[in-house]
Each structure stands twice: as C-alpha cells, then as structure tokens.
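Open the model in your viewer and keep the selection tool at hand.

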Amino acid sequence: MVTCWKRSENRLEETQCTDGAPPAALQSHFPHKAFWVSLSASLLLLVITLGLTGHLGLSQPHSQPSQIVRVSVQDQTGVVINQSAVVDQQNDLVTFSVTSPANQTSTVLFDVKHGLICYKPVDQDTCFLQKMEESDYDNVHSLLHEQTHQSHFQLSGNETQRQTEFLGVLAASQVEVSTLEEPLQALCHNSSVHWTRRANGPGKQRLVYFCIDICFPSNICVSVCFYYLPE
C-alpha cells in the first residue's frame, strides 16, 4: 500500500493510493472470478453425477422374459405325449406341464436355486417334494443355461433314453405350505405337502399309485413313480 498526501485548504491530509488502479475496478474483478470458479465446480459435479448414473444403469441386469418350450415324444405304446416347460432363467425355475394320454395335466416345478423339485399330480390336493440330485441338475441344465431359439423339440422314440425313478412318500412328514419359497407356495396353495425320498423300488408289499413322465430336450425321458412308505 502507498501513502499519498493531498492539499486541502492549506493543509496536507494523508490518504491511500492504489498504484493508479481505480478501487472500483479491483472490487469488480473478484466477483467475476468467484462466479467462474463456482460455475466450473457445478459443471464438474454434473459430469461426475451423469457418469455414475450411466455406469449404474449399465451394470444393472436386464430382466429376461420367460420362455415356453414344447416337447413331444411317443411313449412305448406309440402314443404321442405333449408337454410344455416354462423356463424362467432369471429365477432359475423350470415348470413342466405334463399331459397324460388321458389328456390330464400334472405340474412339475424344478426350483434350481433352492435345489427342490415339487410334483403336483392332476386331480390331487397334494404336493410332493424331492431334493434335487446331480442327474436332476443335468436334465434341466440345457433349458436354463444354453441359449436356444428353438421352442419345439420333437424327440425320436427309438433314440430316447428312458429311465424310471421311484419316490417313497413319507406320509408323516407333512410340511407347512407357509414355510416354502414363493413359487412352491403358489403351486401348492390349499394342498398338503409331503417329503419323498428316492428308493430302488416299492417291493412286493407296496403298490405304485401313479407315475409322471417328464421328457427333456436332451432326449431323456424319466418316469417318476410314487408309492407310500409305512409310517
């Protein structure tokens, strides 16, 4: 700062000099500078926000619609069996609707995420649960994890591998429907639910009550037969 003197009515008075720059010019310079700094910071913040929003939008998985796959095959008597499967890849669910030669439809739900199979026979207020095994995962793997645009599979009866599985029903092991996961609850609403276990066969003293035939696009058909175990 420079001290200056000016004459006023025959006396000298002390005042401040600004090196020739008008004080108003200096004061107006700083508001303009603050304005541009604030604007630059706002634009930078906007760019960062848009970038994060775009990244999150791209990283979110897109929901995939369910696909309906139809499978047709001749049984051992030459009768054509038609069935359909609703494939929900997002939730790891495969729901088979199996139509018998008598035109009656049973439902079989593979809940791969929780490792369960639920059988809902036609005209029965009962569901049967089974824990998935390695062969069950293999059978539904092609439907869930292999991209295919084919919606109808016509299996060759002569080349189809046929298997039979026996499930013993544990009549005393009734399950509360409310304890099941949502897909199973919806299927078994107002029905009794029982656990089953795989066995070699019912034996001579036990009768097989019914069977459900399930065919997979991998050219494998499994006949799942149920019988009741002694309590």
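Predicted model: local features only at pLDDT ≥ 70, side-chain atom pairs only at ≥ 80, totals over all residues.

**Stop 1: the cavity.** The count is 1 cavity of 30 Å³ or more. The largest cavity has a volume of about 50 Å³. Select F110, I117, Y119, D136, N139, E165, I214, F216, V222 and V224 to show its lining. By class, that lining holds 7 nonpolar, 1 polar and 2 charged residues. Now colour β7 (116–120), α2 (134–145), β12 (210–216) and β13 (220–228): each gives the lining at least two residues.

**Stop 2: F110 and F216.** Stay with two lining residues, F110 and F216. The whole structure has 9 aromatic pairs. F110 and F216 make one that is edge-to-face, at 6.1 Å centre to centre with 75° between the planes. F110 belongs to strand β6 (residues 105–111) and F216 to strand β12, so the pair ties together parts 106 residues apart in sequence. F110 is buried, at 2% relative accessible area. F216 is buried too, also at 2%.

**Stop 3: F128 and F226.** Select these two rings next. Their centres are 5.2 Å apart and their planes at 35°, so the pair of F128 and F226 is tilted. F128 sits in strand β8 (residues 126–131) and F226 in strand β13, 98 residues apart. Both F128 and F226 are buried.

**Stop 4: K131 and W195.** What sits over the ring of W195? Select K131: its charged end is there, 6.0 Å from the ring centre.

Note on methods
Residues numbered from 1 in each chain as written. Heavy atoms only, no water. 1 Å grid on protein atoms, 1.4 Å probe; cavity = no way out; pocket = protein on both sides within 12 Å on 5 of 7 lines; lining within 4 Å. Points joined across faces, edges and corners; volume = space filled by probe spheres on them. Helix = DSSP H or I, 4+ residues; strand = E, 2+ residues; numbered from the N terminus. Nonpolar A, V, L, I, M, F, W, Y, C, P; charged D, E, K, R; others polar. Phe/Tyr/Trp six-rings, centres within 6.5 Å; stacked < 30°, edge-to-face > 60°. Buried < 20%, exposed > 50% of the residue type's maximum accessible area, 1.4 Å probe, protein only. Lys NZ or Arg CZ within 6 Å of the ring centre and 35° of its normal.
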